[in-house]
Amino acid sequence: MSVSCVGTCTHCGIRRFWLSNTLSLQMDDGQLKCLPHPGERWASEREGLTLEQAAERGRLYRETFFVCRHCGKDGEIIEKFEKYVGFDWKQLTISVRQAIKWCWGSAAILIAFFAWMRWWEPAVIFGVTLLSVPCVFWWDNRRTAKEYSRPDLPRDDAPGRVPIAAPVAGCWDELATIVGEVLMKDADSIQATGSCCDQPDWVYAGRVTDADRITCSACGKGVMVLSEHSIH
């Protein structure tokens with residue numbers, strides 16, 4: 001999930017966009033390429049790597065964005081994914097054995113009941129349907145497994161064959177300041193270390209509100225007022 005907001009300066013009217021965080025893929029030229037949410041997996045595979053393969057090659061990063069309440073300067077923290085643990089499709093699939101157990105068991109009970117009531121047509125309809133359902137699950141499981149296995153990846157031209165230095169700038173040119181490390185005070189509070197002015201006060205960009213009174217970095221006279229806040 002990405003949280004974004006647009007702030008407008010009360011003095012000069014300049015608009016700024018803040019994003020909470022994003023997954024990024026480091027290309028062979030050292031630059032980070034944003035993997036837009038919610039299509040991170042698709043965007044990574046378009047470059048020739050699954051997300052798991054990108055992490056194994058040391059090319060998958062998480063960028064977390066901050067803004068200084070005092071001077072309004074943008075900053076970010078870039079963290080490498082040593083191992084990517086994504087969505088496990090197997091947890092949501094129903095095995096053929098489970099489908100046979102429940103569907104065929106239900107079919108035996110219903111067919112026996114309908115036969116005792118001499119309801120032959122419902123017996124045939126429900127019987128054929130329940131007996132064929134495991135075949136549907138078998139086909140769907142094969143399709144899903146093929147979709148997520150991607151035996152054609154990594155491609156020969158995919159980034160990461162040669163180790164390179166960690167990035168020192170983010171995927172956005174205007175957000176090239178590394179502000180330090182993340183400090184988790186509690187489950188609802190994220191802070192960052194690192195200096196940006198005489199009184200650094202980093203605010204997690206995903207939770208910026210009007211009450212933070214972020215100073216405009218352009219004119220230094222107004223404060224940023226949120227004009228849009230969205231979750232996508």
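Which loop holds Pro 154? Pro 154 lies in the loop between helix 4 and strand 7 (182-186). We will come back to this proline. The model you are looking at is predicted, so read each detail as part of a prediction.

Start with the whole chain. The chain has four helices and ten strands. Read along the sequence, their order is β-β-β-β-α-α-β-β-α-α-β-β-β-β. Of the chain's 232 residues, 38% count as buried.

Now find strand 3, residues 21-26. Six of its six residues are buried. A strand has two faces to check. In a regular strand the side chains alternate between the two faces of the sheet. In strand 3, Asn 21, Leu 23 and Leu 25 are on one side. Thr 22, Ser 24 and Gln 26 are on the other. Both faces of strand 3 are covered.

Which strands are joined to strand 3 by bridges? One is strand 5, residues 60-68. Five bridges join strand 5 to strand 3, and the two run antiparallel. Look for Leu 23: its bridge partner in strand 5 is Arg 62. Another is strand 4, residues 32-35. Strand 4 also runs antiparallel to strand 3, and four bridges join them. Here Ser 24 has Cys 34 as its bridge partner. Strands 3 and 4 form a hairpin, with five residues between them. Gly 30 sits in the turn and has a positive phi of about 90°.

Follow the chain past strand 4. Pro 38 is found in the loop between strand 4 and helix 1 (40-46). A cis peptide bond joins His 37 to Pro 38, with omega about 5°. Return now to Pro 154, in the loop between helix 4 and strand 7. A cis peptide bond joins Leu 153 to Pro 154, and its omega is also about 5°. Why point these bonds out? Most residues other than glycine have a negative phi, and most peptide bonds are trans.

Next comes a loop between strand 6 (74-80) and helix 3, where Val 85 is found. Is Val 85 buried or exposed? Its relative accessible area is 70%, so Val 85 is exposed. Glu 52 is 33 residues away from Val 85 along the chain. Yet the C-alpha atoms of Val 85 and Glu 52 are separated by 7.3 Å.

Move on to helix 3, residues 96-116. How far should its 21 residues span? At 1.5 Å a residue, the helix should span 30 Å. Its end C-alpha atoms are 29 Å apart, which agrees. Now look at its sides. Ala 99, Cys 103, Ala 107 and Phe 114 are buried. Seen down the axis of helix 3, the buried residues fall within an arc of 45°, so they line one face of the helix. An α-helix has 3.6 residues a turn, so residues three or four places apart point the same way. On the other side of helix 3, Arg 97, Lys 101, Trp 102, Ile 109 and Trp 116 are exposed.

Just after helix 3 comes Arg 118. Arg 118 is in the loop between helix 3 and helix 4. Its phi is positive, about 60°, although Arg 118 is not a glycine. Arg 118 has a relative accessible area of 64%, so it is exposed.

Helix 4 (residues 120-149) holds Leu 130. Leu 130 has a relative accessible area of 17%, so it is buried. Ser 106 is 24 residues from Leu 130 along the chain. The C-alpha atoms of Leu 130 and Ser 106 are separated by 7.5 Å.

The elements that give two or more residues to the lining are strand 8 (189-192) and strand 9 (202-204). What kinds of residue make up the lining? The lining divides into four nonpolar, two polar and five charged residues.

Finish in the loop between strand 9 and strand 10 (224-231), where Arg 213 is found. Arg 213 has a positive phi of about 50° although it is not a glycine. With a relative accessible area of 53%, Arg 213 is exposed.

Terms used:
Residues are numbered from 1 along each chain as its sequence is written. This is a predicted model: local features need pLDDT of at least 70, side-chain atom pairs count only at pLDDT 80 or more; totals for chains, interfaces and linings use all residues. Side-chain values use heavy atoms; hydrogens and water are left out. Buried means under 20% relative accessible area, exposed over 50%, partly exposed in between (1.4 Å probe, protein chains only). Two strands pair if DSSP finds at least two bridges between them. The expected span of a helix is 1.5 Å times one less than its number of residues. The arc is that of the directions from the helix axis to the C-beta atoms. Ala, Val, Leu, Ile, Met, Phe, Trp, Tyr, Cys and Pro count as nonpolar, Asp, Glu, Lys and Arg as charged, and the others, Gly among them, as polar.
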